[in-house]
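Reader: I am new to this structure and would like to know what stands behind the labels used for it. Please show it to me first.

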Amino acid sequence: MIKATSLSLLLGAAIGLTPAASHADNLFGTENHGSRQDVLRGSITPERAWWDLSHYHLDISVDPKSREIKGTNTMKYRVIGPQQRLQVELQSPLNLDKATQSGKTLKIEKDGYSYFITALEGQEVGTEQEVVLHFSGNPKVAVRAPWDGGITFTKDSNGNDFIASSNQGIGASIWWPNKDHGYDEPDNGLTMSVEVPEHLVNVSNGRLTSVDHNKQKKTKTYHWKVVNPINNYGVNINIGDYVHFDEQYQGEKGTLDMDYWVLRENLDKAKKQFKEGKRTIEALEYWFGPYPFYEDSYKIVEAPYLGMEHQSSVTYGNKYQNGYLGRDRSLAGPGMLFDFIIVHETGHEWFANNITAKDIADMWIHESFTNYSESLFLEYHFGKEQAFEYIRGQRINIANQKPIIGKYNVHSEGSSDMYDKGGNMLHTMRQILNNDELWRETLRGLGTTFYHQTVTTEQIEGYINQKTGIDFSLVFDQYLRDHRVPTLEYFLKDKLLQVRWSNVNPKFTMPIRVTIAGKEQWLKPTTRWSKVEINQANPEFVVDPNFYVNTMSILGH
């Protein structure tokens, strides 16, 4: 799904880079500071820009013994520009065996793990087309999922195969061929047909539409359907000795089907722990608006790793306990009041799956808002005091070594501070706005304004500035594009108080709430010293701790 507003820019880029035999070669004359593969992967190349995804049908078989995946991905697309070569990705050791269109085998050129396929003639603008990608091989085995992505092959306690995909960052092309860039999602969703040994179950995204049993081969094929646009890294397979239970939630858009797929051995524990699912949907609908995928249902699926935000198929491996593997990431206490994986990964349904960053450099849009959702969950169910204590405690995890936003067009993620620092940035902005109802309206409005869209940081910033009536541009620049934390320096002696911001960009300014002599007031420091009127000598001076800033007394008092 390509946003219409960016289409002319994409086509302009395509036309400007058309002459070379391999259009990708032209991308390396710019200052991108990335490898050739990083640029091919991270750029909206001319071979990507001219076709708009409308649907994927991933039809595969998974053999647990040989660890082989083979099958096809049928890509349907709409032609939106004059071109004929398509770019897709498939990472080794998997092989793209061939590509066909209208039954004819197409020419394929390989550059790293990017493949350039020459479609048949007749790719006229406005027409609907289809290419079938045939692939096979042994996919990369995840060493430390989900951080080191790939396919996890393991066994449950009863000796049954337990297999799952996880590929954020490394990309969906680690196990299936696709247009592996965040800017384009299939407008009409995805269907999946996954063949597994008959004693196992495959759980994927969306709704289960049918199961075929091939008694001769001793396999079953599970057919799943997603009707909404879906980001490719949110597509998943989960294979194991699953059992199923379900419930319904009466939410903002009506009845939400909630399905739970867990290993047979963990059914009793899951029925208790997964009550957190309803509580999470209830809290996040309050803050963010309706769950974005009612048509595709909501699922929690047990996985052999910690968890991931696969769209409508949240994977779970938190060992049926509260906290993050039984501990509080904030070290403050409130983190033990909820199951971190259920809340965090469900939060991604709004930010990552509903609103998706076009470029991986803007991954903060996924992680900062979702990190913040943990605090909002606590506020909804346990109150502000617990919520604010939790988000302040998360500052212990912040490194402040490089900017949160990565490099554009080179498949470059920013700092892992996009989680805790990004969440604290949003918490700080809420304090500046000082209007909780408008803040909630702003959060809910994001989901409405950018419903099922891929976006840029500039779009998110612009919306928040417009909706709140406050220009947060300097705040965004400081917290997202600079690694330094603003320091409020103050000089206090007798009845003289002066303040300024340091450790910031030269033009930085941000209002801040302080308490002077027991009286709360707002200051508006800049990077230059400014005097503050005080009526008594050496009063107590306290900065509101809900602002993520450093403070320094010049005199050391």
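Reader: What makes arginine 430 buried?

Author: This is a predicted model, and the label comes from a computed area. Arginine 430 has a relative accessible area of 3%, and buried means under 20%, so arginine 430 is buried. Glutamate 379 is buried too.

Reader: Why is the contact between arginine 430 and glutamate 379 called a salt bridge?

Author: The closest N and O atoms of arginine 430 and glutamate 379 are 2.8 Å apart. The rule asks for a side-chain nitrogen of Lys or Arg within 4 Å of a carboxyl oxygen of Asp or Glu, so the pair qualifies.

Reader: What makes glutamate 489 and arginine 500 a salt bridge?

Author: Their closest N and O atoms are 2.7 Å apart, and the limit is 4 Å, so the pair meets the rule. Glutamate 489 is in strand S23 (residues 487-493) and arginine 500 in strand S24 (residues 496-502), so the pair ties together parts that are 11 residues apart in sequence. Glutamate 489, at 8% relative accessibility, counts as buried, while arginine 500, at 26%, counts as partly exposed.

Reader: Which residues do salt bridges with shared partners join into one network?

Author: That network consists of Glu379, Lys384, Arg430 and Asp436. By the same rule the count comes to 28 salt bridges.

Reader: What makes glutamine 37 buried, and what does its side chain reach?

Author: Glutamine 37 has a relative accessible area of 16%; the cut-off for buried is under 20%, so glutamine 37 is buried. Glutamine 37 has its place in helix H2 (residues 36-42). Its side chain reaches the backbone nitrogen of tyrosine 113 at 2.7 Å, and a polar contact needs N or O atoms within 3.5 Å. Leaving aside residues up to four places away in sequence, glutamine 37 touches Asp111, Gly112, Tyr113 and Ser114.

Reader: Why are S16 and S19 called edge strands?

Author: The open sheet has 5 strands in the order S16-S17-S18-S20-S19, with mixed pairing. Strand S16 (242-251) and strand S19 (307-308) each pair on one side only.

Reader: How do you know that S16 and S17 pair?

Author: Two strands pair if there are at least two bridges between them. S16 and strand S17 (residues 254-263) have 10 bridges, in the antiparallel sense, so they pair. Valine 243 has valine 262 in S17 as its bridge partner.

Reader: Which helices lie across strands of this sheet?

Author: Helix H5 (residues 276-288) lies across S16, S17 and strand S18 (298-302), at about 35° to S16. Helix H6 (residues 340-347) lies across S18, S19 and strand S20 (314-316), at about 160° to S20.

Definitions and conventions:
Residues are numbered from 1 along each chain as its sequence is written. This is a predicted model: local features need pLDDT of at least 70, side-chain atom pairs count only at pLDDT 80 or more; totals for chains, interfaces and linings use all residues. Side-chain values use heavy atoms; hydrogens and water are left out. Helices (H or I, at least four residues) and strands (E, at least two) are DSSP runs, numbered from the N terminus. Contact means heavy atoms within 4.5 Å. Axes are lines fitted to C-alpha atoms, for helices over the stretch in contact, and angles run from 0 to 180 degrees between N-to-C directions. Buried means under 20% relative accessible area, exposed over 50%, partly exposed in between (1.4 Å probe, protein chains only). A polar contact is a pair of N or O atoms within 3.5 Å; within protein, one must be able to donate a hydrogen and the other to accept it, and residues adjacent in sequence count only if both atoms are side-chain atoms.
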